Amino acid sequence: MNVRQRTITKEISASGVGLHTGANVTITFCPAAENHGFKFQRVDLNGHPIIDADADNVTDTSRGTTITQNGASVSTIEHVMASLIGMDLDNVLIKLDGPETPIMDGSSIQFIDLLEEAGTIEQNADREYFTIPHNITYTEADRKVEIVAMPLDDYRFTCMIDYNSPVLGSQHAGINTIAEFKKEIASCRTFCFLHELEYQLQHNLIKGGDLNNAIVIVDKEVTKDELNHLAKLFNRKDIDVAPQGILNNMELRYQNEPARHKLLDMIGDLALVGMHLKGHIMAARPGHAANVAFAKKIKAAIKKEKNKKTLKVYDPYAKPLYDVTQIMEILPHRQPFLFVDKILELSKNHVVGLKNVTINEEFFKGHFPGAPVFPGVIQIEAMAQVGGILVLSTVPDPSNYLTYFLKIDNVRFRAQVSPGDTIIFRCDLLEPIRRGIAQMKGVGMVGEKIVVEAEMMAQISKVKQTEPAQQ
């Protein structure tokens, strides 16, 4: 059964301060059309620029996650993003009149409450999931960070943190399904160590910081004078250290609230993949930088899977549209420089041809004769000749025209090609041919494996007819 996309039913707003900027900001969640995704809009800037919530737009992860696009940035987006995923939404526009989302109480629960008040509605378009196809891993040896995504027909999280702190110790948190987010994770607040708080205060890095929006873990001996100084900074009568090793300004909502908050951050950062996920995410010592790097790995896996789905596997033994004799009526190339044996498909926008790689090719005499490999430059030439069939099919008499390649970009050789292989090339026009200029994307496959790909630009040129000599 297909799951439909969801948005909210009405606009809804809340105001607060940015944790790092201290600026008052109003956040407004707005309904959005199908396939819109999650986007932020800076309504305080000229032109009201929009920023896609995408891992490729992340520009800073030092004190939260910042995204930048169209000359505008939005900081500390992770708690908002986690609430959108936790509410099972797909399409929302988030308007801000400042550079940072409001910190609220340091968790996602107030955003969840807002979205619930706005209400959600099912849309007509189906939701697209990315199901993790195999284990995807990310590690940072120096920080002992390990993250793995494993196949699962749900969205499950397991998180472990270990800061080498006698107060915090090692903590674990997990949810079996994203439906548990509101109850188990959403209300868990951000945390910091006392030494970090002192540094940030000294360097004016948390202008909106307040003891109401963060758990402060006391990881060192602290004097009464230091506590009095903190109380004065935060306009409190007095501050002390609670038995749990945190400042007594608040009580923990869960014994492992810090680990649960790290899980919250991870859900928010992985929302920047741009699709709902199905898989089991297990993380040890995650942070924003690692989360975003991992999101980019998942995005790369999505791209790879999409390429697999769009690339058809062709039968090299199928009856050809053109055999080699017919190909020579179109292309001017001849042996030993003709590298197309068959054309399998041809339309206005694409062509499929193949090259049988045999050991008796002339170049194998000198190209690694002890370990013959089909040269990459000849793979590109063969691809270009297949593309030439497509280009020349657009003119009335191919024998009166030649194709000259002007540019080749983004060439990648993904696997070796050896004698006995058959490469099937597919070339697709990237845009209609204009003024005799053709731009194509070419892919070469051996079986189901992509071995080479490139983007090519060619020009159709009419053959100059030589005048007969005068008698």
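Two strands count as paired if DSSP finds at least two bridges between them, and strands themselves are DSSP runs (E, at least two residues), just as helices are runs of H or I with at least four residues, all numbered from the N terminus. This is a predicted model, so to speak of local features takes a pLDDT of at least 70, side-chain atom pairs count only at pLDDT 80 or more, and totals for chains, interfaces and linings use all residues. Residues are numbered from 1 along each chain as its sequence is written, and side-chain values use heavy atoms, with hydrogens and water left out.

With that settled, on to the sheet. Strands β6, β7 and β8 line up in that order in an open sheet of 3 strands, with antiparallel pairing. At the edges sit β6 (58-60) and β8 (72-74), each pairing on one side only. Strand β7 (residues 66-69) is joined to β8 by 3 bridges, and Thr68 stands opposite Ser73 in β8.

Zooming out, the protein chain has 9 helices and 24 strands. The domain assignment (bounds from an automatic or database source) gives domain 1 (4-187 + 257-306), domain 2 (191-252) and domain 3 (324-462). The centres of domain 1 and domain 3, taken over C-alpha atoms, are 44 Å apart.

As for overall dimensions, the C-alpha atoms fill a box of roughly 115 × 50 × 45 Å along the principal axes. Buried residues (under 20% relative accessible area, 1.4 Å probe, protein chains only) make up 48% of the 471 residues. Of the contacts (heavy atoms within 4.5 Å) between residues at least 6 apart in sequence, 70% join residues at least 24 apart.

How values were computed. Buried means under 20% relative accessible area, exposed over 50%, partly exposed in between (1.4 Å probe, protein chains only).
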